[in-house]
Amino acid sequence: MADTPRPQPMDDELPPEPLDNPRRLLVWPAPDVTTQQALSDRGYRPVIVHSREEVDAQIAAFPAALFVDPLTGPITRTALQSLRQAAVAAEVPVLVTAGLGQATREAAYGADPAVLLKALAPRDSEQHPSRVLLIEEHEEIALALTATLERRGMQVARAANDTDAVALASRFRPNLVVMDLMQVHRRRAGIVDWLRANGQLNRTPLVVYTAAVDQAELPRLTSGETVLFLAERSTSTEVQSRIVDLLSRIGTN
């Protein structure tokens, strides 16, 4: 008796594509034109996801990472937390971009960075605070970020650069890594390589930010005259290149 033909799976259920095809990269929201082209040039096929269910539907195709890059639209804390939980459960690395601005509290037009970071930070248990490894060379920015994170119940350890972060991570075992994009090593081993080598890359979201902050204004952060707020990240050619480089390193599993 001949076998009954089986229905072909929908695209979302397909097994991994051949290696010569672009690798899927889960993205939210839809990338802007420049970022889309940069990802395509590097061999990625961006697949837009909006929900935990849409992430789950892509897992069989072994996506390289979940890339949250809020350039083309706002993101909500609830959706971000849900997508992060789905990706971490499926052992898919998570990379989130952000921008930081500095202004007086009245003039700040973006949210407190801690709102974004708390939604992203896993915890070992309900009884344990999230451990955030912050990599930032400017002490004023580091102190301001640390203060706002600690006010929301997170534990913070700060390293001044990527190299120092590796030594600190082995003792601190972070649940979330937050760093100035310009601190990411492009040629030498750094925190991304440490996370991979220690089996933590797929369960430790990574947030990279660009800071539109005037260094002459940094003392005002320390005095409390100004605050940090979430803003749009830089879209310079150098920043785009660094982000795609970082995604390539993260997605090599």
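**Exercise 1.** State what the volume of the second largest pocket is, and identify which residues lie closest to its centre.

*Solution.* Step 1: the second largest pocket of this predicted model has a volume of about 340 Å³. A pocket is an open set of points on a 1 Å grid over the protein atoms alone, where a 1.4 Å probe fits, with protein on both sides within 12 Å along at least five of seven lines; lining residues have an atom within 4 Å of a point. The volume is the space filled by probe spheres set on the points, which are joined across faces, edges and corners.

Step 2: 20 residues line the second largest pocket, and Arg105, Ala144, Arg151, Val227 and Leu228 are the closest to its centre.

Step 3: two or more lining residues come from each of α5 (139-151), α8 (218-223) and β9. Helices (H or I, at least four residues) and strands (E, at least two) are DSSP runs, numbered from the N terminus. The most, seven residues, come from α5.

**Exercise 2.** Determine which element gives the most to the lining of the largest pocket.

*Solution.* Step 1: the largest pocket holds about 390 Å³ of space.

Step 2: among its 20 lining residues, Pro70, Pro74, Ile75, Leu116 and Leu230 lie nearest the centre. Elements giving two or more residues to this lining are α3 (77-89), β4 (94-103), α4 (113-120) and β9 (227-231).

Step 3: β4 gives the most to the lining of the largest pocket, with three residues.

**Note on the values.** Residues are numbered from 1 along each chain as its sequence is written. Totals for linings use all residues of the predicted model, while local features need pLDDT of at least 70 and side-chain atom pairs count only at pLDDT 80 or more; side-chain values use heavy atoms, without hydrogens and water.
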